[in-house]
Amino acid sequence: MSAFPCSEFLNRLDQWMEGERPSEARAHLRDCPRCRALVRDLETIQHTAQALAIDAEPSPRVWHSLRAQLVEEGLIRTGRRGWAHDLAGWLGETFALVPRPALAGAYLVALITIGIALSGPAGRHANEARWISGTESSTQPLSAQLDTAERDTISSLREVDPVVTASLHDNLAIVDNYIALCEKSVREEPENEVARDYLYDAYQQKADLLAQMSERGGDGR
Amino acid sequence: MVGNTAEAEDLTQEAFLQLFRKISTFRGESAFSTWLHRLAVNVVLMKLRKKSGKETSLEQVTEGDEESGTPRRDFGGPDLKLTGSIDRVNLQRAVEQLPPGYKAVFVLHDVQGYEHNEIAEIMGCSIGNSKSQLHKARMRLRDLLHEAVREKAREERRAAGSASGGED
C-alpha cells in the first residue's frame, strides 16, 4: 500500500524532480504505475532537452548590421580606429577606470605589434593574394605578444582590489571571446576585408584594455 | 527559444543594441553576465509576447493557461509512455508551443543548464517561481508530446486503413 495518495505525490512532484526524494514518495512510486509513468515521462523530457542545446555563433551579418545600426543611432562613430577607440572608451567608462597617466610596458608592446599588423592592409592592393596568405602570419605573432602582455599585466595586478580585478578579468574574457569570433570569421572568409578589419579592431581593444589594467595595477588600486 | 536561426540572429542584434543603449544603467549590483543575460531574455520575451498578440506579465503568461478552461488531462497511463517516442525534433516542436514564460525557464534550466537561483536573477523572479514555472513547463510539454503521439497513431491508422481499402 502506498505511503500517501497520488494527489499528495503530485503536490510534491516538482520537489521529486529537483532531487528531494523522501521515503513516503519512494514507497508511493514503487506501488503506483501511473505516477511511475509520469515521472519517467518527465525524466525523458529532461534528458532529451539537453540535446536541444545549440552552441552556435551568429553570422557576420549580425555584427555588420549591428555596427551599421549603432552608427546610425550615433552610439559609435564611423571609421575603423574611431570605432575601436569608442569601444575602448566605453569599456573604460563602464568599469570606472582612472585616466591613463602613462603607457605601461605591456601596452607599448601591444601597440607596437598592432602597428605592425595594421601595416598589413596598406600593401594589399599590390598583391591581394599574398596579403591574404600573409594575414595569418602577421596576426599570429601579434596574438602571441598580446598573450605575453596579458601575463605581465595580470602579474602586476596583485595589489589591486580583488573585486576590481575580477571585473577586469571578466572584461578581458569578453574581449577574448570577441577576438576568437573575429579570428573564426577571418579563417572562414580570408578575402573579407571587413572581417580582417574587425579582427584588428579586436586586437586594438585588447591592447587598450591591457593598458587600463596595467595602469590600475601600477596605481595599486 | 525562438526555434528559427534568422529570428534568433535578429534578436541577438537587438540584444546588443539594447546593451549599447542601456549600459549606463548597469550599476554593478549583479554580475555583468547576469545583467546581460537578463537583458537578452527580456528582448526575447518581448518578441515572443508580441508574436502571441498580447502584452502580459510572466505570471499572467504562465498562470493563464490553467484558467483557460482546458479539460484536465489524465496525468499518466501505462499506455502512453513517451520513452522511445520522443526525440529532439518533436521535443523542439513542443517547446515552440509553450507560453513564453514557461519556454524561457525551460530553455534556461533544462536546455542551457542554468540553476534556479541564476534563472531567478535573470528573469527577475523568485527561486520558487522559477521551480514552479519549470514544473508546469515540463507537464505542459508532456501533454503536448502525448497529443503528438496520439496524432501520429491516428495518422498511421488512417494510412493503414486506406492502404487496406486500396487492396480490396
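## Chain Architecture

From the N terminus on, the elements of chain A run α-α-α-α-α-α-α-α-α-α, which corresponds to 10 helices and 0 strands. Helices (H or I, at least four residues) and strands (E, at least two) are DSSP runs, numbered from the N terminus. This is a predicted model, in which local features need pLDDT of at least 70 and side-chain atom pairs count only at pLDDT 80 or more, while totals for chains, interfaces and linings use all residues. Side-chain values use heavy atoms, with hydrogens and water left out; residues are numbered from 1 along each chain as its sequence is written, and chains are lettered from A and ligands numbered from 1 in the order in which they are written.

Chain B has 7 helices and 0 strands, in the order α-α-α-α-α-α-α from the N terminus.

## Burial and Contact Range

Of the 221 residues of chain A, 42% count as buried (under 20% relative accessible area, with exposed over 50% and partly exposed in between; 1.4 Å probe, protein chains only). In chain B, buried residues make up 42% of 168.

A contact means heavy atoms within 4.5 Å. Among contacts in chain A with a separation of 6 or more, 73% are between residues 24 or more positions apart. For chain B, 69% of the contacts between residues at least 6 apart in sequence join residues at least 24 apart.

## Helices 5 and 6 of Chain B

Two packed helices are described by the angle between their axes and the distance between the axes. Axes are lines fitted to C-alpha atoms, for helices over the stretch in contact, and angles run from 0 to 180 degrees between N-to-C directions. Helix 5 (residues 100-111) of chain B packs against helix 6 (residues 116-123) of chain B at an angle of about 140 degrees, with the axes 10 Å apart. Helix 5 of chain B is therefore oblique to helix 6 of chain B; angles under 35 degrees count as roughly parallel, over 145 as roughly antiparallel, 65 to 115 as roughly perpendicular and the rest as oblique.

On the helix 5 side of chain B, A104(B), V105(B), L108(B) and H109(B) meet H116(B), I119(B), I122(B) and M123(B) of helix 6 of chain B. By class, this contact has 6 nonpolar, 2 polar and no charged residues. Ala, Val, Leu, Ile, Met, Phe, Trp, Tyr, Cys and Pro count as nonpolar, Asp, Glu, Lys and Arg as charged, and the others, Gly among them, as polar.

## Helix 4 of Chain A against Helix 5 of Chain B

Helix 5 of chain B also packs with helix 4 (residues 33-49) of chain A: the axes come within 8 Å and cross at roughly 75 degrees. These two helices are therefore roughly perpendicular to each other. I45(A), Q46(A) and A49(A) in helix 4 of chain A meet F106(B), D110(B) and V111(B) in helix 5 of chain B. The classes here are 4 nonpolar, 1 polar and 1 charged residues.

F26(B) and F32(B) form an edge-to-face pair, 5.3 Å centre to centre with 80 degrees between the planes. Both F26(B) and F32(B) are buried, and ring pairs link F26(B), F32(B) and W35(B) into a cluster.

Q18(B), found in helix 1 (residues 5-22) of chain B, is buried with a relative accessible area of 15%. Leaving aside neighbours within four places in sequence, Q18(B) is in contact with I23(B), L39(B) and V43(B).

Key
Rings of Phe, Tyr and Trp (its six-membered ring) pair if their centres lie within 6.5 Å; planes under 30 degrees apart count as stacked, over 60 as edge-to-face and the rest as tilted.
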